[in-house]
Amino acid sequence: MLGNVALAEDNERKFKNDFELQYGGYLLSHLGKLSPVDFICYKNPGHEIVSVIEFKQRTNPHNKHPTIWLNLRKASALKLLAAGFNCKAYYFVKWSDHVTKFINVHNVVRYPLVEAGTFKRFWPTDRELVYDIPITEMLDMKPKADLKVLSQDS
């Protein structure tokens with residue numbers, strides 16, 4: 001099996017918990033396993049959708065490579081959902097050194113599209129176009145002061 005689904009789901013759960021703790025008043029809802037996008041972010045109360053979010057966990061430190069990739073397919077899905085919900089779209093990446101950064105997906109179009117993927121296999125889906133995003137252009141996900149964590153019952 002390619003990848004570790006249980007590990008990916010655990011990483012997403014941890015990100016969800018971190019996000020909700022750091023950005024009090026906002027909750028994440030997973031869009032499901034077949035969705036190309038991971039989460040919708042909504043404001044509680046009222047459940048106003050404020051953004052759609054794609055999250056990636058990387059096993060290397062954030063300063064090992066100068067860029068991070070967001071594939072064109074995911075960027076397109078994020079933009080379409082953002083347009084449909086009239087909200088923003090973000091790409092969050094957490095590296096092994098516990099650095100988490102993000103970028104507004106509508107800003108990635110200024111970065112080059114490059115062909116990326118594995119050279120180990122030669123199926124059509126193994127190579128695809130990706131935005132090559134400079135990590136230095138991404139914003140840090142930092143805790144905000146004086147957050148109040150809302151319970152699911154609030």
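Student: In this predicted model, which residue stands opposite Phe102 in β9?
Tutor: Strand β6 covers residues 100–104 and pairs with β9 in the antiparallel sense, over 2 bridges. In general, strands of a sheet pair through backbone hydrogen bonds, in either a parallel or an antiparallel way. The residue in β9 that Phe102 stands opposite is Leu139.

Student: Which are the edge strands of the open sheet?
Tutor: The open sheet has 6 strands with mixed pairing, and their order is β1-β2-β3-β5-β6-β9. An edge strand here pairs on one side only, and this holds for β1 (26–30) and β9 (139–140).

Student: At about what angle to β3 does helix α2 run?
Tutor: Helix α2, made of residues 72–85, lies across β2, β3 and β5. Helix α1 (residues 5–22) lies across β1, β2, β3 and β5, running at about 160° to β1. For α2 and β3, the angle is about 170°.

Student: Is Asn60 buried or exposed?
Tutor: Asn60 is placed in the loop between β3 and β4, and, leaving aside neighbours within four places in sequence, Asn60 is in contact with His65, Trp95 and Ser96. Because its relative accessibility is 15%, and buried means under 20%, Asn60 counts as buried.

Student: What is the phi of His98, in the loop between β5 and β6?
Tutor: Most residues other than glycine have a negative phi. Asn86, in the loop between α2 and β5, is not a glycine, yet has a positive phi of about 55°. His98 is exposed, with a relative accessible area of 64%, and is likewise a residue other than glycine with a positive phi, near 70°.

Definitions and conventions. Residues numbered from 1 in each chain as written. Predicted model: local features only at pLDDT ≥ 70, side-chain atom pairs only at ≥ 80, totals over all residues. Heavy atoms only, no water. Pairing = 2+ DSSP bridges. Helix = DSSP H or I, 4+ residues; strand = E, 2+ residues; numbered from the N terminus. Contact = heavy atoms within 4.5 Å. Axes fitted to C-alpha atoms, helices over the stretch in contact; angles between N-to-C directions. Buried < 20%, exposed > 50% of the residue type's maximum accessible area, 1.4 Å probe, protein only.
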